[in-house]
Amino acid sequence: MNLVPIDIDSLPIGQPLPFALRSAKGTLLAPRGYTIASREELGAYKGRGIDICVDIDEASASHRNFMNQLQQMLRRDTPLGQIAALKLSLSGRAAQAARGGGPPDWRELQQRATQLLYTPAQAGFLQALARLAEELDQLCHDNPDATLLALIYLSGQQAHQYSATHAMLVACAGMLTARQTLQWPQAQVRQLGHAALTMNIAMAELQDTLARQTEALTGEQLQAIHEHAQQSEALLRQCGVQDPVWLQAVRQHHQLASGPLGGQDPAQQMARLIQRGDVFGARIAPRATRRAMPVTAAVQASYYNDQREVDEAGAALLRTLGVYPPGAFVRLASDEVAVVLRRGASATTPRVAVVIGRSGMPTGEPIPRDTALATHKITASLAPHEVRLQMSLQRLLKLP
């Protein structure tokens, strides 16, 4: 590492950071892309005697150039006005990239969400959570299929950062279903996003531990799992959440319920939709002790409740995602293996790209196929472990 101390007054507020912040010992304080809510958030580090540094070696070329300029300006005791001008120029480029400079960096979003869920007691937590929820909601609005593709693909790859990926997937699948299928008002859609992101906040670190754990659960772990909905609500109250619908949805997201959604209050409706999304997301994610379920089987499982009755919230989720959601792996009638890129005109005819040919060898370049044609119709859904191929998510997201 090539750590360089940085003056906190040079950091942009309310804009994604273009580089990670670290302590003088190299400990990660904030990942690249994290948005600083206020000067007080940074002041909390200084109050604990933590020097904020940047590792120039891990920054991209453009950001490294900025850091070199900033370092020289600080060494020369450049007037703060000039430093602020450099800072504002940087902030504009970062904001432009965040708004539309290509696909979002989903690995970065994973890091941001993980840090947020791990540290709810940090200053500015609610503001940072609101920004994350707003960003995810905007991604769902601007490009819903690419958002589902990214989160479903990441969920099925490994147990790494499970709690954050799972929370974002349930939030996005829920918000899409609420808006597109159930036609809830925007305020209710956003409430759902907040509740889904924080439904497991009291056990976020434990979730990641359990995803990698091969030993039997301890009594303490079982108790934490059993109480996590109530504990999450209590923790949110301590953080300053006062929205009764949000809090009730978190508290009830594991309570069994049935019957028409229309007969329930808004919080109960949200809890039902979160519960079905929770079932779906958990089944497509691998654990150290089991493999991930095929996406199609998982989304169909969310269609029924624990009494094997059709659940109205689960049915809405299925209508929204489709039988073969973006990010699912499928086998075609041509005996090729493809990844679903976008939902299609019908639930069973999504847009796909072949990644493994008839010979069983990777195609190199993904090949588009029309699944509405009999020669390329989908014949089976595959689990991630059945597709022995490492692919670049960013590359998939750029496919037409």
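Residues are numbered from 1 along each chain as its sequence is written. In this predicted model, local features need pLDDT of at least 70, side-chain atom pairs count only at pLDDT 80 or more, totals for chains, interfaces and linings use all residues, and side-chain values use heavy atoms, with hydrogens and water left out.

**Exercise 1.** Find where pLDDT (the predictor's confidence in each residue, from 0 to 100) stays under 50.

Solution. Start with the protein as a whole: the average pLDDT is 84, and 82% of the residues score at least 70. Then locate the stretch: residues 83-100 stay under 50. For these residues the model has 25 contacts (heavy atoms within 4.5 Å) beyond four places in sequence. Where pLDDT is low, the predicted coordinates should not be read in detail.

**Exercise 2.** Classify the crossing of helices α7 and α12.

Solution. Helix α7 covers residues 162-181 and helix α12 residues 266-283. Their axes come within 9 Å and cross at roughly 130°. α7 is therefore oblique to α12, as angles under 35 degrees count as roughly parallel, over 145 as roughly antiparallel, 65 to 115 as roughly perpendicular and the rest as oblique. Residues making the contact include His166 and Leu169 of α7, and Ile274 and Phe280 of α12.

**Exercise 3.** Identify the partner of Glu135 in a salt bridge (a side-chain nitrogen of Lys or Arg within 4 Å of a carboxyl oxygen of Asp or Glu).

Solution. The partner is Arg112, at 3.0 Å, N to O. Glu135 lies in helix α5 (residues 125-142) and Arg112 in helix α4 (residues 106-118), 23 residues apart. The whole structure has ten salt bridges.

Notes. Axes fitted to C-alpha atoms, helices over the stretch in contact; angles between N-to-C directions. Helix = DSSP H or I, 4+ residues; strand = E, 2+ residues; numbered from the N terminus.
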